[in-house]
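Please keep the sequence and the model at hand.

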Amino acid sequence: LPIWLSFSPQLLEKLTSTVFLRQQMAQYSAHDEDDFDAQTAGLQLSYPVQDWFDCYAGFSAGRMFLQKHDNEFYKAYDAQFGVWRTQPLCSRASVFFGYQYDWVPASPSELSRADNSLYVGANAALLQKLSAQLLYRLSFQDYDHFSGLHRSDCNQLVTFALNYAFNDYVSIHAFTDYGHNDSNFKSRTYGVFDAGGGLNLSLRF
């Protein structure tokens with residue numbers, strides 16, 4: 001169960017910023033001793049370069065800890081930089097694509113990594129208040145200190161999401177995604193399917 005809070009002040013004429021906090025709670029029906037919370041805070045900046053693309057950068061810090069004992073078992077920082085372009089196809093649809101680099105020092109240190117990711121997707125207005133997004137991400141992840149060896153993963157993710165806006169302040173969304181991870185460590189090769197939804201509240205001032 002994730003909870004998001006964000007604030008997006010306009011710093012300069014074209015420079016946009018977002019400060020965010022995220023609280024996520026994970027609970028298991030069979031093994032409640034493994035229930036944990038994840039907390040993340042960060043800042044993102046974005047600036048358009050002519051009409052060509054948007055440049056963005058960000059920094060965040062996060063940690064995970066067991067709910068029962070407040071025992072922290074993971075923490076990480078994420079410094080990122082990327083470029084992004086959206087190309088309209090018509091008045092109701094557009095495509096987008098981009099590249100993002102992430103440097104993620106973590107504790108335990110064997111989970112520190114560097115990511116190079118490519119994105120491509122499409123947005124479409126299906127109805128007056130209903131929109132859809134399809135996204136594909138290809139990410140190459142390098143771990144330099146995984147169990148004393150070099151670990152290299154190729155991670156693919158496909159996401160489909162629907163969003164229904166009741167008005168300018170309230171909307172709901174539903175999503176489903178499938179991810180597959182190929183790794184030179186066989187134990188880290190897996191596939192995962194997720195589905196979920198949420199409520200968005202926005203205040204403008």
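1. A residue is called buried when its relative accessible area is under 20%, exposed when it is over 50%, and partly exposed in between. Cys90 has a relative accessibility of 48%, and therefore counts as partly exposed. Please bear in mind throughout that the model is a predicted one.

2. The cysteines deserve a brief remark. A disulfide is a covalent bond between the sulfur atoms of two cysteines. How many disulfides does a search of the whole structure find? The search finds 0. Cys55 is partly exposed, because its relative accessibility is 21%, and Cys90 is also assigned to the partly exposed class, at 48%.

3. Strand E3, residues 36–49, pairs with two other strands. With strand E2, residues 16–26, E3 runs antiparallel, and 11 bridges join the two. Within this pairing, Gln24 has Ala38 of E3 as its bridge partner. With strand E4, residues 53–66, E3 again runs antiparallel, here through 14 bridges. In this second pairing, Leu43 faces Phe59 of E4 as its opposite residue.

4. Most residues other than glycine have a negative phi, and most peptide bonds are trans. Gln50 is not a glycine, yet its phi is positive, at about 50 degrees. Where is Gln50 found? Gln50 lies in the loop between E3 and E4, and the hairpin that these strands form has 3 residues between them. Gln50 counts as exposed because its relative accessibility is 59%, and the cut-off for that class is over 50%.

5. The bond from Ser107 to Pro108 is cis, with an omega near 10 degrees. Pro108 is placed in the loop that lies between strand E7 (106–107) and strand E8 (113–125).

6. Leu45 belongs to strand E3.

7. Glu72 is partly exposed because its relative accessible area is 36%, and Arg63 is partly exposed because its own value is 28%.

8. Another salt bridge links Arg113 and Asp115, whose closest N and O atoms are 2.9 Å apart. Arg113 is partly exposed because its relative accessible area is 22%, whereas Asp115 is buried because its relative accessibility is 6%.

9. Arg151 forms a salt bridge with Asp153, and here the closest N and O atoms are 2.6 Å apart. Are the residues of this pair buried or exposed? Arg151 is buried, because its relative accessible area is 6%. Asp153 is buried as well, because its relative accessibility is 2%. The cut-off that decides this class is under 20%.

Conventions: Residues are numbered from 1 along each chain as its sequence is written. This is a predicted model: local features need pLDDT of at least 70, side-chain atom pairs count only at pLDDT 80 or more; totals for chains, interfaces and linings use all residues. Side-chain values use heavy atoms; hydrogens and water are left out. Two strands pair if DSSP finds at least two bridges between them. Helices (H or I, at least four residues) and strands (E, at least two) are DSSP runs, numbered from the N terminus. A disulfide is a pair of cysteine sulfur atoms within 2.5 Å. Buried means under 20% relative accessible area, exposed over 50%, partly exposed in between (1.4 Å probe, protein chains only). A salt bridge is a side-chain nitrogen of Lys or Arg within 4 Å of a carboxyl oxygen of Asp or Glu.
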